[in-house]
Structures are given as C-alpha cells and as structure tokens.
Amino acid sequence: MLRPNRPMSGLEKFGLDTVSPSTINEWISYRPRFVLRKIYGYKDLPTSCAMERGNQSEYAVKLILQDNVDTEEAIEMALKNFDTACTPNMKDYEYERLCIPSIVMGAVKEINWNFGEVVSFQEEIKGKLSEYNYRGFTDFVLKDKQGKRCIVDLKTAKRKPSKLSSSHARQISLYSHALDCEAQLLYIVPHKQTDRKTKQVSIKSTEAIWWDITKEDKKKYLDECEEVLRVMDMVLYNCNDKKEVAELCYPNIDDFYWDSPQILKIRKEIWNV
C-alpha cells in the first residue's frame, strides 16, 4: 500500500479537508456508516429515539443555562422537538421521551453546582493534530468560580458507565486540544421505577457521574486519533473511487442499523446486498 505523498492528501481526495471526531469514531466502530455519510455524502439519515433523547436534553439545558428560558418552557420545547423527530411506533419512544425532563433538571443542577457561567454551546472549533485538520462542535464551554474554562460534554445513558468510553474520550480530547482547556464528561443516568399494580413506568431519580479527562487520558486518546487519521489517509489515498472504498468496508447485513427501510435501500444501492 502506497503512503500518501503528504498528510491529508488521501482524505482530501474524497473531499475530507477537515475531519470531525464523529468521523474518526465511525471509522473505528462502523465503517459502512462512514462510507454512507462521508464517502457517498448521504445526509439526514434516520434518527432514533435514544439519539433524540440526548439531542433534545442538551438543547433544553442550553436554553435554561445560556438563554435564561424558564425550565418548564425549555422542557416543553425539547419534547416538541422530540415528537417532531420521532414517532410513537419507533423503538422505546415512550420511555426515551419520559426521560427528558428528569435528565434536563439533573444536568442543570449539576452544571450550576459545579460551574458559574456558560461561555458557549455548540461552538464550532477547528484544530490541528500533527498535520491533520479537524473540526467539530463542542457541547458546553463553561467557566468555574475561579474563571477557568472547561469543556463539559453532556452524555445521557441508560446505565451507569463502568469505565471511560473511548469514543467519548477521543471526542472531548480533540475539543480540549483545540481550545487548550480542561475537559470533563458529565453522564446523567435516569433510574426508572414500575408501579406493581398499574405497570406504569416513571423516573424516580437521576444519577450524575463526572469523569475528568486527565493529561494522561488526553495524550493517550490524541495519539490514538492521530494514528487513526494516518491509517484513514493512507487507505483513501490508495482508493481510486468511492466504490473501492465501499468494497473495503463491507457491511454486516444482520446489524440492526439496517432495520430502517431508507438505510436498507441505500445499502442495496452501494453494496447490492
């Protein structure tokens, strides 16, 4: 396999002048999706209730902390957006929708308790890792009571994380590197309860888990990102067209990702399976 004549030349060959953390994570964890989004350029792919639970919870927290919107109004707006993106026949619709108010209130409480000011939300950042360009959008950039900036990436999860997620750590390490500030992950985990008689499910509480990204963590995951970018660059440099890239990233047709009719149609167009 030929080495690129310069860093980024393989990526640029397929229009990837800058690479996002999500692109790096997709290359590592699910290359067929990378092919769909970044090589063939498909956008507005079907969402899921779990994804929208996270998106709309973050949105409501931003409305409350940065825009000073009333809590009830912010939650109402988030639920409305959730209902626009999702339908009741989608997997876990009722439960994911139920989680949003508790997650929002739990996150607002934690951020208010630990930080003094929201500097920005969904701020576009651009960075350079060795010779590779990347860009993305942060969650919250906050200031503590001493005026020190910190990126806080809000994550919603069904279960308490037992270890640091590599994909989350890669993402926030890149953001922290670009902005030259500290970084923390905030997980808000809802705990449900079921009424024995009615079987009705409700959220009884939320648990907050803060995860500091240490200097050692940051170096480890930045080194990992750089190696992934080097490999991506070399693979794409050696492909003549997008069909060759797709052939190297053959899909697992049994994966639940292909359950959506729209995604299945695209898979058949690209891989003919």
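1. Threonine 156 has its place in strand β5, where helices (H or I, at least four residues) and strands (E, at least two) are DSSP runs, numbered from the N terminus. This is a predicted model, in which local features need pLDDT of at least 70 and side-chain atom pairs count only at pLDDT 80 or more, while totals for chains, interfaces and linings use all residues. Residues are numbered from 1 along each chain as its sequence is written, and side-chain values use heavy atoms, with hydrogens and water left out.

2. Threonine 156 is buried, with a relative accessible area of 18%; buried means under 20% relative accessible area, exposed over 50%, and partly exposed in between (1.4 Å probe, protein chains only). Its side chain makes a polar contact with the side chain of arginine 53 at 2.6 Å, a polar contact being a pair of N or O atoms within 3.5 Å, of which, within protein, one must be able to donate a hydrogen and the other to accept it, and residues adjacent in sequence count only if both atoms are side-chain atoms. Leaving aside neighbours within four places in sequence, threonine 156 is in contact (heavy atoms within 4.5 Å) with Arg53, Gly54, Ser57, Ile103 and Ile188.

3. Strand β5, residues 149-156, is mostly covered, since seven of its eight residues are buried. Two strands pair if DSSP finds at least two bridges between them. Strand β4 (residues 140-143) runs antiparallel to β5 and is joined to it by four bridges, and in this pairing lysine 143 has arginine 149 of β5 as its bridge partner. The two strands form a hairpin with five residues between them, and glycine 147 in the turn has a positive phi of about 90°. Strand β6 (residues 182-194), by contrast, runs parallel to β5, with seven bridges between them; here the partner of aspartate 153 is leucine 185 in β6.

4. Because 13 of its 17 residues are buried, α4 is largely enclosed by the rest of the structure.

5. Which kind of pair do the rings of tyrosine 30 and tryptophan 258 make? Rings of Phe, Tyr and Trp (its six-membered ring) pair if their centres lie within 6.5 Å, and planes under 30 degrees apart count as stacked, over 60 as edge-to-face and the rest as tilted. The whole structure holds eight aromatic pairs. The rings of tyrosine 30 and tryptophan 258 have centres 6.5 Å apart and planes at 45°, so this pair is tilted. The pair links distant parts of the chain, 228 residues apart. Tryptophan 258 counts as buried at 3% relative accessibility. With tyrosine 257 it makes an edge-to-face pair, because the centres are 5.0 Å apart and the planes at 75°. Tyr30, Tyr257, Trp258 and Trp271 form one aromatic cluster.

6. The count of disulfides comes to zero, where a disulfide is a pair of cysteine sulfur atoms within 2.5 Å. For cysteine 225, the nearest cysteine sulfur, that of cysteine 181, is 16 Å away. The sulfur of cysteine 249 is 7.8 Å from the closest one, in cysteine 239, which is too far for a bond.
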